[in-house]
Amino acid sequence: MEAPEQYPFDVAALRADFPILERSVGGDPTTPGEGPDDDVDLVYLDNAATSHTPDPVVETIADYYRTYNSNVHRGIHQLSQEASVAYEDAHDTVADFIGAAGREEVIFTKNTTEAMNLVAYAWGLETLGPEDNVVLTEMEHHASLVTWQQIGARTGADVRYIEVEADGTLDMDDAAAKIDDDTAMVSVVHISNTLGTVNPIRELASMTHAHDGLIFADGAQSVPNRPVDVVDLDVDFFAFSGHKMCGPTGIGVLYGRQALLESMQPYLYGGEMIRKVTFEESTWEDLPWKFEAGTPSIAQGIGLAAAIDYLESIGLERIEAHEELLAEYAHDQLSDLDGVEIYGPGGDERGGLVAFNVDGVHAHDLSSILNDYGVAVRAGDHCTQPLHDKLGVAASVRASFYVYNTVEEVDALVEAVTAARDIFA
Amino acid sequence: MGLGSDMYRQQILDHYKNPRNYGELEDPDFTHVGENPSCGDTIQMEIDLADDGETIAAVRFTGDGCAISMAAASMLSEELHGMTTDELDGLDTDDVTDLLGVDVSPMRIKCAVLGRQVAQDGAKIHAGELDPDAERTITEE
C-alpha cells in the first residue's frame, strides 16, 4: 500500500495544540519531564491507553482552577454557582455528544471501569440470581470481564462468553445460542482494545432485547474516534473514559436509560447525592446526582466537555476516517514484514489500533527496543488476559493511533520493528 | 539512545537463544517456580545440593519469557554452581545486573531478577524458612 498523501483534516496544524508531541525521550525515565539526555523524537502510539490533552482543554482546566474553582451545588456564593453551572452544563454537552435524552442519563464516574462497577453493583447485585445469566464476549476488557465474573460468583448468575472467531470477529451464531430467555445482561465491548474489532452492537442489542435482556456497551475505544449515538446503537447502558479522547484522567461517563437509572438504588452514599437526611433515613437527589456521591471531579468534568468541543471542532467523521487511514496503513506495512503476526480483522474493518507480535521476540523486548527509537507502544496483555490465552501468547505489542498521528510515525514504527527483528535474528 | 539501547548486547542474545543449563534434573533437592503474571514470564529452577547440604552441585532451569529474564536466568545458572545457599541468599539486584553486564532500564529490573528470586525462595522453602503456601515468588509490583 502506498503511503496516503491526504489527511481528512490538517494534522500538522492540529499537532501545534499538543506541545508534548515535540518532546524527546531516551534519557532517565525516573524523573518526569524532558531531561538533558532525552535525544530521540517521541513517536507516541499508545493512544488506546491514554491520549494527549490539547492546549484548549488544558487551558479550560487551568481557567477553572485560576478563576472559579469552587465546590459545586448548595453554595450560595458566586464561585460555587459558576462552578455548578459549568459542571452541570458538562453533562448536557456529553448528552448531546452521544445522543442521550438529557443530563439525567449522563452520570460522571472516574472512568469506564467505575461505570461498569456502578451498574454491576447497583443493578447486578440487586437483580441477578442463580436463574439468570450474563453474556460477555471473549474479547472483553477486564473492566467488564472481572466485574461480571465477581457479580456472577456473588449472585450465582451464570457468566458466559460469546466466542471470538479466528479472524477476530464475534461468532454471531454462538451469540444467538448464548443469549437466551434467562439472559439478564449482555455486556460487550464496542471496539476491542486488543483486536481492534468493531462489534455489531445494534445486532447484539436486537438479540438481547428479543429476550427481554439489557445490553451494556463499553465505548472506551469507540467514543474517542467515531460518531456514537446511544439511541441508534439501541443500548441500555454505555460507558467511556475522558482521558482516551483528549480529556483529563479521573473522569468517565455512564450513560443509562432514564427509566433504568430511576429504578436503581445508589451505588455510593454520602454528600451530593441526597435530598433529605434524618437520623433514621435518607432520600435521594434526582438523576444524575443520585449516582454522584461526594465532591465530584469538577475540573475533569468541565475538561471533558472542552475535549468534546475540541473533537467536534475537528469532526468525528473526519477523525474516524483519519484513524482508519492510519490503521489500514499500519496493518499493511506490518503485514509485509516477515515474522510479524497481527491479531484481529483485516486493515479496513478495524478501529485505530494494531496489536501484534514478532516471531522470536518477546513483546517486552520488542517494546524496549521500540522505546529506544522513541516509539511509545503498549506491551503486555492490555487487560485482556483470557483473550491472550486464547490467542496462545502471553503478551503482545499494541500500536494505537489518534488525531495527531501521521503516516511518518507509522513508518517510524515499522522501521523500529524491523530493527528489533534484525537484532534478534 | 536511551538506557535500554545497550540492553540487547550479543552476550544476552546468545544466552537467550542458547540458554545454559536449560532443562530439568532427575532428582533435584528442590524445585521452585516463579511467575510475573503481567509479563507472563515464568521460570522454574531445580537445584541439587552437594553432600554438605549447602553447596550447589547442579542447577537446571526452564522458563518462558523475555530475553532479559531468560538470559539472566541462564547466566545465573552458571554462576550458582559451587556457591553455597548462604551466598545465593546474599545475591542482590546489582549482582544480577553485573552478570548481565548492561544497564537494565528501571522498567525491566523485575525481568532480570526473577530467576534469582526463584532460586533464593526455593532454597528458603527447602530450608523450612519460607512457607510456599503463604508467599508466591514474583518480582513485579
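A residue is called buried here if 20 or more other C-beta atoms lie within 10 Å of its own, exposed if 12 or fewer, and partly exposed in between, with C-beta atoms placed from the backbone. Keep in mind that this is a predicted model, where local features need pLDDT of at least 70, side-chain atom pairs count only at pLDDT 80 or more, and totals for chains, interfaces and linings use all residues. Residues are numbered from 1 along each chain as its sequence is written, while chains are lettered from A and ligands numbered from 1 in the order in which they are written.

**Stop 1: A:I201**

Select A:I201, which sits in helix α7 (residues 201-210) of chain A; helices (H or I, at least four residues) and strands (E, at least two) are DSSP runs, numbered from the N terminus. A:I201 counts as buried because it has 26 C-beta neighbours inside 10 Å. Now show its contacts (C-beta atoms, placed from the backbone, within 7 Å). Leaving out residues up to four places away in sequence, A:I201 touches A:V188, A:H190, A:A217, A:L233 and A:V235. A:V235 is 34 residues from A:I201 in sequence, yet their C-alpha atoms are 7.8 Å apart.

**Stop 2: α2 against α10**

Next, pick residues 55-68 and 298-314 of chain A: helices α2 and α10 pack at about 150 degrees, with axes 9 Å apart. Axes are lines fitted to C-alpha atoms, for helices over the stretch in contact, and angles run from 0 to 180 degrees between N-to-C directions. So α2(A) and α10(A) are roughly antiparallel (angles over 145 degrees). From α2(A), the residues that meet α10(A) include A:P56, A:I61 and A:Y65, and among their counterparts in α10(A) are A:I302, A:G303 and A:Y310. This contact divides into ten nonpolar, two polar and no charged residues. Nonpolar covers Ala, Val, Leu, Ile, Met, Phe, Trp, Tyr, Cys and Pro; charged means Asp, Glu, Lys and Arg; the others, Gly among them, are polar.

**Stop 3: where A meets B**

Bring in chain B: 18 residues of chain A are in contact with 17 of chain B. On the chain A side, α12 (363-372) and α14 (407-424) are the elements giving two or more residues. The largest share, six residues, comes from α12(A). By class, this side of chain A has eight nonpolar, eight polar and two charged residues.

**Stop 4: chain B by itself**

Finally, hide chain A. Chain B has six helices and three strands, running α-β-β-β-α-α-α-α-α along the sequence. Its C-alpha atoms fill a box of roughly 50 × 30 × 25 Å along the principal axes. Of the 141 residues of chain B, 45% count as buried.

Methods: Parallel < 35°, antiparallel > 145°, perpendicular 65-115°, else oblique. Contact = placed C-beta atoms within 7 Å.
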